[in-house]
Amino acid sequence: MAQTPNDPILQSGEATPLTQENELKTKSAAKKEAKRLEKEAKLAAKAAKVAAATPAGEKKAKAEKEKKKEEPEFVNTTPKGEKKDLSQPMSSSGYNPVEVEAAWYDWWDAQGFFEPQLTPDGKIKPEGSFVMTFPPPNVTGSLHIGHGLTIAIQDTLIRWNRMLGKTTLWVPGFDHAGISTQSVVERRLFKSSGQTRHDLGREKFVETVHEWKNDYQARITNQMRRLGGSFDWSRVAFTMDENLSKAVVENFCRLHEDGILYRANRLVNWCVRLNTTLSNLEVDQKQLTGRTMLNVPGYDLKEKFEFGAITSFAYPIENSDEKIIVATTRPETMLGDTAIAIHPDDARYKHLHGKFAVHPFLDRRIPIITDSIVVDMSFGTGAVKITPAHDPNDYEVGKRHNLEFINILNDDGTFNANAGPKFQGMKRFHARVAVVESLKEKGLYVDVKDNPMTIPICSKSGDVIEPVLKPQWWVNCKPLAEEALKHTRAGELTINPKLSENEWYRWLADIQDWCISRQLWWGHRCPAYFVSVEGLEQDTNDGKWWVVGRTLEQATERAKQLAGGKPFTLEQDEDVLDTWFSSGLWPFSTLGWPENTEDYRNFYPTSLLETGWDILFFWVARMVLLGLKLTGKMPFNEVFCHAMIRDAHGRKMSKSLGNVIDPLDVITGLPLEDLHQKLYEGNLDEKEIQKAKLGQKKDFPKGIPQCGTDGLRFALCAYSGGGRDINLDILRVEGYRKFCNKVFNATKFAMLKLDEEFVPLPTAKPTGNETLVEKWIFHKLNFAAQELNRHLAERNFMLATSAAYNFWLYELCDVYIEVMKPMTDPSASAAMRKSAQQTLYTCLDYGLRLLHPIMPFVTEELWQRLPRRPNDPTPSIMVSSYPVHDKDFVFEAADKDFSLIFDAIREGRSLAASYSLQKDIQFFVHCQSDREAALFESQKDTIQTLSKGCKSVKIVRSIEDITPGCGSSVLSPTVAMHVLVRGLVDLDAEIAKCDKKIQFAQLNLDKVKKAEAAPNYETTVPADVRLVNEEKRKTYVAEIAGLELSKDMFSKLK
């Protein structure tokens, strides 16, 4: 099999080839001695078993349990950063993830294996490059299992590309996560000390958040390392680092200078709970089917307020007894009404054109206006109340008709003086109730009805969003989106799965302006300054009195020009910028932009952006918009969106449900009581904690079992087949831990077959002296390599894991290692033994390499225990060459022949099982052709070895040579399997079975004959279909003949 070009890396201070050779000799001697001792221990254990009267059943299991208990707990004694000492024998109790994973990561990191390997002149290697920036996790806590999926997928890709010989770079980093981090720290601060951020002041509060950030960044870093992520830690980034902050300022200033970024007093999504604006993407829409009572954050838990209802009430017409009825889902907003709109063509209201209504609670005349856009004459009464300062649609009406915009809401969610003395100071939902009651008192209330609707909910706090007018900084996204669409359609960006690509085009086409101001203290402060000119009346809402600057000096120079020589003062905007405004620069700010650094020149644009589909627009789209605008290039050429992880019941992961999983808990295992205890580390109240405990007890009655990093990674990749959701079952993850155990034990056993004198050949190429099964396993190894490379290239991790799993479990372990046992016995010829060993070595070497990107720890542990080929100084499996297709490993004829043999083995097993035969099984293989007879004759030992309980295998050319009293099964028109059952079965029952099978086979045969007898069959049916039908017909005929023979045999034995 071909190896990808991946030159061994010689680090500074690393041993030269000569000193390595000496070291290898001493290590080799130690290994040989360890193997000898291990063999002796194994033989001694076997002898002890034979000598002792082993109690059966329960006593045996108990003894094994006690033996396991006796094994001392593993303690890692390898100094940090040094190579693991493997001179001791492999664990006698099998795979232990704690022992296997110890020391390797620190050694990889210390050796510089994670850093990009360049040519001697500092260029990208000829094989190309593969670069990713890790989606920066928020420094608000610790990673959950969804992050584990991200790392499993991305590290698989980076390790695979590294082994393909490419220059690889994977940049790690962290996001300051403005709203999320500030809200978490504020809650913790209040819970621990009763203080608010205002008690501390801005500077002290920001220091407190930095302390939190440092603590949790360390926690997350540990998780990322434990998950095996081969990040280049020398390039770790944080969105508020000095160089990344400089990029944010440059972004703001350049967009403002180009007229893309502007200041305007517009409607924003206001979260009362967090006291800040939110972008549309940070607002969830809660669907209601009708009248619903809900709790609202910031109110007593016993209080509930009505949503999903539409309330109708009347406005009195000025100087008239007439009233006009309007309806609203938010009755409290009528305090901010400044118009009533009717359709210009509505005959019912023609007489009211130009008239006024009177506000019942305020000294306010309300004009009746005509508007054909907002009013639907057929809906309700055909009259619509207009609140321009608190509703997006009404805002547009207000602009069209130059209406008054009256804000009735304070930032804390209470009503201000504009709402009138009766309602001033009331909380908004208390005001909702009070307004309805006041309308009833005045006889203006009409009714309330069910109204299916959606209500906007803050995705961070769960609060109900209020549209309010605020002067903010906005990005005009339309021109940026047009560029993004143009470049995507030109093929510069691939998005998978295709469903996400369709959403991409739809969202960019409908994109809205982006509000980037946030009323927070934690984040990048806006580099914008209000120029307060002495002697002038100025409106801070007016963008013309604002300047931006990369530095205070630049802002001051610009302010001088604006002030026209008059004295002025500069006041920096108190707001910070939306987190996504900085993380949108991630692919290039992490590489040094806006400076033209060596990293930026070498590694930008990056290769792939892999993330969850849920942040395709939050983050991915903004990186593309800003990347094209600021660098002129797509920031990456491929986007892959992985699925969202849900629990085993399909529910979204939620702390309050108790189903949020820390990947480290899956790696190490965690008792139920400790799972419960972790709930107290968060911000849940006692009621939520008790609910979460019940969820944990239901999902993890015995806690979370220890699965190890490799088992977890393999499971997460195996789940990733292109769907949008993953229902994660921890028991399935535990199943892949058992697969690790299988690989470990198979390699351990196989290495016993590589005796002390074994030396691998200089090349893995087949010698030409291989037996049939060796050629077959080489062919399967080559096929597995093809499949893994293809599926990883296609980002189908489910099929990639299946290819690796099938090769190791069903081909290498279940077949080749079993078949080769007699081939490596002392009785076998030296040539056969040597060939079988070389084949086994190649399969182990390449098989571990194939698995390594997905399961890095166990593969390194086992690969390091294998001997190296002569003149191969490769220090680690992670910098070895990944197996790819090699024509020298293609043995199609052998694959076909051995597949026939293996079909016979399967059929024989099935046949024996159908007669409940477990020992002394005698097979007869009836072959009608010389070639097949010779093939089966040469593979009798293989059939016997792989057929448990088989006593003998006889190849016969004639039916007469089959011992009477056999059951049979047809493999093909020319091969049939027979098993001797005489004296072991109920003859009448077997005759009845034969009759039933004959009847079924005859039905199938008749169907085929009918198809073949159709008019114009030879001319209308494709040749390949006719060939299949012919083969089916011959097989059914042979099957019926074999069954008739068995029936006849059973009848004669009666």
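H23 crosses H25 in a left-handed sense, meaning that the near helix is turned anticlockwise from the far one by less than a right angle. This is a predicted model, in which local features need pLDDT of at least 70 and side-chain atom pairs pLDDT 80 or more, while totals for chains, interfaces and linings use all residues. Residues are numbered from 1 along each chain as its sequence is written, and side-chain values use heavy atoms, without hydrogens and water.

Helices are DSSP runs of H or I with at least four residues, numbered from the N terminus. The axes of H23 (residues 730-753) and H25 (residues 797-823) come within 11 Å and cross at roughly 30 degrees. H23 is therefore roughly parallel to H25, a label for angles under 35 degrees. Axes are lines fitted to C-alpha atoms over the stretch in contact, with angles from 0 to 180 degrees between N-to-C directions.

In the contact (heavy atoms within 4.5 Å), residues of H23 including Tyr736, Phe739 and Lys742 meet residues of H25, among them Tyr805, Trp808 and Asp814.

The domain bounds, from an automatic or database assignment, are as follows.

| Domain | Residues |
|---|---|
| domain 1 | 259-278 + 470-478 + 503-578 |
| domain 2 | 283-462 |
| domain 3 | 754-890 |
| domain 4 | 920-1052 |

Taken over C-alpha atoms, the centres of domain 2 and domain 4 are 82 Å apart.

The whole structure holds 41 aromatic pairs. Tyrosine 95 and phenylalanine 744 form a tilted one, at 6.3 Å centre to centre and 55 degrees between the planes. Tyrosine 95 lies in the loop between H2 (58-70) and H3 (97-101) and phenylalanine 744 in H23, so the pair ties together parts 649 residues apart in sequence. Rings of Phe, Tyr and Trp (its six-membered ring) pair if their centres lie within 6.5 Å; planes under 30 degrees apart count as stacked, over 60 as edge-to-face and the rest as tilted.

Technical notes: Helix = DSSP H or I, 4+ residues; strand = E, 2+ residues; numbered from the N terminus. Parallel < 35°, antiparallel > 145°, perpendicular 65-115°, else oblique.
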